[in-house]
Amino acid sequence: MKVYKHGDSLVKEINETRIHDGAISFWNLGQAGILMKGREEDGLICIDPYLSTSIEQANPETEFKRAFPPVVPPSMLENTDGILITHEHDDHLDFTTLREVGQNKVVVPAPLVSMVQSETGNKNIVAAKADEYLRIKGFQITPVPAAHTDYQVDMHGDHLFLGYGLEVNGVRLFHSGDTIVTSELIEQIIEFKPHVVFLPINGGDYFRTSRQIVGNMSFREAAEFSVTVGADLVIPIHYDLFPNNRDNPAYFVEYLLNHYSNQKFHMMAPGERFIYHL
C-alpha cells in the first residue's frame with residue numbers, strides 16, 4: 001500500500017507547520033496513532049503511536065500484519081512534548097516505539113506505570129487516572145474511562161482502558177482509544193463539548209472475538225456517537241493498518257450521507273495532515 005506522506009518529507013512538514021489562534025493541526029500515523037500540534041507554545045503530543053513491526057517480529061505467524069510501513073521513525077517522537085497511551089494492547093502500547101523516545105514524558109493508564117517503566121527504562125512515566133486533569137505545555141488533558149468491551153479497573157479502582165479529552169488553543173478534541181459506546185461515555189463527552197472526535201470504526205463480531213480480537217464501535221455506532229455528542233468533525237480511526245481487523249470505511253461514509261448529511265467528517269490517509277479551525 002502506497003503511503004500518502006512519510007519519512008523526511010513528513011517530518012519536515014510537521015516541523016514547519018505553524019498554527020494560529022483557534023486552530024490545531026494533526027496527522028494520521030495509522031491505526032489509532034494521531035500526532036497533534038498547536039501553536040509553538042502549545043507543543044507537540046502524540047497518542048497511541050505504533051511505529052514498528054514489533055507484532056510481526058514477535059510472532060511471524062500472526063494475522064496482524066501491517067498494510068503499510070510506519071510513516072515516521074519512532075525516534076521522531078523524541079521531539080514531542082509528550083506521548084499519551086490509551087491501553088496496553090500492542091498496537092497502542094508499542095514498547096519498540098517507546099524505547100526510542102528517550103526520557104520523554106509518556107502518559108499511561110495508572111495500572112501500567114510500573115510495567116512501562118520496566119520495559120522502556122524511561123522513568124518519566126505519568127499515571128493517568130479517570131477525570132484527573134493533566135497538562136502538557138498548552139494541552140489540558142482529561143482521561144476518560146473506556147470500555148473495551150467493558151470497563152476494567154485494578155485493585156485501586158484505576159481504569160485500564162482510557163480515552164483522552166484534550167483542550168488546546170480553544171479547540172476541544174476527544175480521542176476515544178479502543179471502546180464501545182456506553183451511556184456513561186455519551187454523557188461525559190456531551191459535557192466535554194468536543195469540536196473534533198477520533199473514533200474507531202472497525203467494530204467486532206463473533207468470529208473475531210473467538211480469535212481473541214476485542215471489539216470496538218462499529219461504523220454505525222461511531223456515526224451515531226459523533227452526532228449525539230455534538231461533534232463538529234469526526235475522524236474515523238482504527239481501520240486502516242490491519243486488514244484482518246477492519247470494516248469497510250465506505251459503510252461509515254454511506255451511513256452519514258444517508259442519515260446525517262450535515263455531519264462533517266474526514267477520512268485521513270496515512271501521513272496526512274489536517275488543520276482544523278474554529
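1. Two strands count as paired if DSSP finds at least two bridges between them. Strands β12 and β13 meet that rule, pairing in the parallel sense over 2 bridges. Within this pair, V234 stands opposite F265 in β13. The model is predicted, and the remarks below should be read with that in mind.

2. The sheet. β12 and β13 belong to an open sheet of 7 strands with mixed pairing. Its order is β7-β8-β9-β10-β11-β12-β13. The edges are β7 (134-136) and β13 (264-265). Each edge strand has a single partner, so one side of each is left without a neighbour in the sheet.

3. The β7 end. β7 and β8 run antiparallel and are joined by 3 bridges. I136 stands opposite F139 in β8. The two strands make a hairpin with 2 residues between them. K137, in the turn, has a positive phi of about 50 degrees.

4. Strand β8. On its other pairing, β8 is joined to β9 by 6 bridges, again in the antiparallel sense. P145 stands opposite L162 in β9. β8 is mostly covered, with 6 of its 7 residues buried. As a general point, side chains in a regular strand alternate between the two faces of the sheet.

5. The main core. The largest nonpolar core has 31 residues. Those with the most contacts inside it are L35, V72, M76, L77, V106, V108 and V116. At least two residues of this core come from each of α1 (7-16), β1 (23-30), β3 (44-47), α3 (95-98), β5 (106-109) and α4 (113-120). The largest share, 3 residues, comes from α1. In soluble globular proteins, nonpolar side chains tend to be buried together.

6. The cavity. The count comes to 1 cavity of 30 Å³ or more. About 40 Å³ of space lies in the largest cavity. Its lining is made up of N28, Q31, I235, P236, I237, H238, Y239, D240 and M268. Strand β12 (residues 233-237) gives the most to this lining, with 3 residues. By class, the lining divides into 5 nonpolar, 3 polar and 1 charged.

7. The largest pocket. About 330 Å³ of space lies in the largest pocket. It is lined by 16 residues. Closest to its centre are F64, H89, D90, D91 and Q212. How does the lining divide by class? It has 5 nonpolar, 8 polar and 3 charged residues.

8. The second largest pocket. Its volume is about 230 Å³. D131, Y133, Q140, T142, V144, E167, R172, Q188, E191 and F192 form the lining. By class, the lining has 3 nonpolar, 3 polar and 4 charged residues.

9. A cis bond. The peptide bond from H148 to T149 is cis, with omega near 0 degrees. Where does T149 sit? T149 is found in the loop between β8 and β9 (162-168).

10. Positive phi at D48. D48 is not a glycine, yet its phi is positive, at about 50 degrees. D48 lies in the loop between β3 and α2 (54-58). Is D48 buried or exposed? Its relative accessibility is 0%. The cut-off for buried is under 20%, so D48 counts as buried.

11. Positive phi at K193. K193 is not a glycine either, and its phi is about 60 degrees. Its place is the loop between α5 and β11 (196-200). The relative accessibility of K193 is 52%. Exposed means over 50%, so K193 counts as exposed.

Technical notes: Residues are numbered from 1 along each chain as its sequence is written. This is a predicted model: local features need pLDDT of at least 70, side-chain atom pairs count only at pLDDT 80 or more; totals for chains, interfaces and linings use all residues. Side-chain values use heavy atoms; hydrogens and water are left out. A nonpolar core is a set of buried Ala, Val, Leu, Ile, Met, Phe, Trp, Tyr and Cys residues joined through side-chain atoms within 4.5 Å. Buried means under 20% relative accessible area, exposed over 50%, partly exposed in between (1.4 Å probe, protein chains only). Helices (H or I, at least four residues) and strands (E, at least two) are DSSP runs, numbered from the N terminus. On a 1 Å grid over the protein atoms alone, a cavity is a set of points where a 1.4 Å probe fits but cannot get out, and a pocket is an open set with protein on both sides within 12 Å along at least five of seven lines; lining residues have an atom within 4 Å of a point. Grid points are joined across faces, edges and corners, and a volume is the space filled by probe spheres set on the points. Ala, Val, Leu, Ile, Met, Phe, Trp, Tyr, Cys and Pro count as nonpolar, Asp, Glu, Lys and Arg as charged, and the others, Gly among them, as polar.
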